[in-house]
Amino acid sequence: MDHLQIYLIVGAALFCLGLFGVITRRNAIAVLMGIELILNSANLNFIAFSRFGGMNLSGHVFALFVIVMAAAEAAIALAIIINIYNLFHTVNVDEASQLKQ
Amino acid sequence: MATVTFWLIILLTVFSALIVVGSSQLIYSAVALLFTFVGVASLYIFLWADFIGVVQIVIYVGGILILVIFGIMLTNKITSVRISHTSVQRGAGAAAVVVLFILLVTMILKTPWLEIAAVEPDQTVASIGKMLMIDYLLPFEITSVLLLGALIGAAMLARRGR
């Protein structure tokens, strides 16, 4: 419970699972879920280093910024995905390979 | 007791993340993502980051996950809960990711990390607020403009019949 390495390994596991989702999933929303996992693993590392680096709160502030970015990114990504669905009637990232019809 | 809870939370986090990327039903992935977010929030609380833990639950579970579920609903013809989706190249992807994970774990275990002892703070909210208003004022303001721009842009993009 009081070891930095445990948190880093959990962060690495979340990162690898998120990466697996991004490279194997073909539904755009599932790819987005993988990206959220990756952002969470980065945040976990920030907070862990903050806690074991003498409780320096800069890590917390940075994690807050990452969460704000994730919210903005999710909103924009879903707007784009809905537009792609209206144009191509699919959200498969392999089929939607053009910017317009 | 706390140790058992800690390991259960780690198990919950990693197992539900596994379901997120492994399940063949999109809705199941979204619900498993909820448990991953809650597990990560609990890990934040174990790391003395109470404020970030609560923000994680409010924004990720209350905001982003709802957005994702709305996205699923809007991009599928809903006839049942089972909205299947496919994965490609699972074997190659899994092999690459497992190799990466082994590399990362080896790196983490071999590096002599500098650990500075600290006492548990009473609360972190006041310190984070001061840092945001003194040390990180410019990034804070830029972030607010970015968020505003992103939300206006998202609303404009998603509007039908421009």
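**Figure 1. Chain B and its share of buried residues.** Of the 162 residues in chain B, 33% are buried, where buried means under 20% relative accessible area, exposed means over 50%, and partly exposed lies in between (1.4 Å probe, protein chains only). Before you look further, note that this is a predicted model, in which local features need pLDDT of at least 70 and side-chain atom pairs count only at pLDDT 80 or more, while totals for chains, interfaces and linings use all residues. Residues are numbered from 1 along each chain as its sequence is written, chains are lettered from A and ligands numbered from 1 in the order in which they are written, and side-chain values use heavy atoms, with hydrogens and water left out.

**Figure 2. The helices of chain B.** Chain B has six helices and zero strands; here helices (H or I, at least four residues) and strands (E, at least two) are DSSP runs, numbered from the N terminus. Read from the N terminus, the order of elements is α-α-α-α-α-α. The radius of gyration of chain B is 20 Å, well over the 15 Å that the globule rule gives for 162 residues, so chain B is more spread out than a compact globule. That radius is taken over C-alpha atoms, and the globule rule is 2.2 Å times the number of residues to the power 0.38. Along the principal axes, the C-alpha trace of chain B spans about 55 × 40 × 30 Å.

**Figure 3. Surface and charges of chain B.** Chain B exposes about 9,700 Å², and carbon and sulfur atoms supply 75% of this area. Accessible areas come from the Shrake-Rupley method with a 1.4 Å probe, and for residues only the protein chains shown count as cover. Now for the charges: how far apart are the mean positions of the 8 positive and 6 negative charges of chain B? They are 31 Å apart. Lys and Arg count as positive and Asp and Glu as negative, while His and the chain ends are not counted. The place of a charge is taken as NZ of Lys, CZ of Arg, CG of Asp or CD of Glu.

Figure 4. Three helices and zero strands make up the secondary structure of chain A, in the order α-α-α from the N terminus. With a radius of gyration of 17 Å, well over the 13 Å that the globule rule gives for 101 residues, chain A is more spread out than a compact globule. The C-alpha atoms of chain A fill a box of roughly 55 × 25 × 15 Å along the principal axes. Buried residues account for 63% of the 101 residues in chain A. Chain A exposes about 3,600 Å², with 66% of that supplied by carbon and sulfur atoms. The mean positions of its 4 positive and 5 negative charges are 3 Å apart.

**Figure 5. Where the two chains meet.** The contact involves 82 residues from chain B and 65 residues from chain A, where contact means heavy atoms within 4.5 Å. About 6,700 Å² is buried between the two chains, and carbon and sulfur atoms give 79% of it. In chain B, B:Val21, B:Leu47 and B:Thr75 lose the most area to chain A, together 10% of what that side buries. Buried area is the accessible area (1.4 Å probe) that two parts lose on being put together, summed over both.

Figure 6. You can find B:Thr36 in helix H2 (residues 26-46) of chain B. Is B:Thr36 buried or exposed? It counts as buried, because its relative accessibility is 1%. Leaving out residues up to four places away in sequence, B:Thr36 touches A:Leu14 and A:Leu37 from chain A, as well as B:Thr13, B:Ser16, B:Ala17 and B:Val20 from chain B.

**Figure 7. B:Trp48 in its loop.** B:Trp48 sits in the loop between H2 and helix H3 (50-74) of chain B. Although B:Trp48 is not a glycine, it has a positive phi of about 65°. Most residues other than glycine have a negative phi. With 17% relative accessibility, B:Trp48 counts as buried.

**Figure 8. B:Ile69 and B:Val31.** B:Ile69 belongs to helix H3 of chain B and is partly exposed, with a relative accessible area of 27%. B:Ile69 and B:Val31 are 38 residues apart in sequence and 9.0 Å apart in space, C-alpha to C-alpha.

**Figure 9. A:Val66 and its contacts.** Helix H3 (residues 58-88) of chain A holds A:Val66, which counts as buried at 11% relative accessibility. Beyond its neighbours within four places in sequence, A:Val66 is in contact with A:Leu39, A:Asn43 and A:Phe46.
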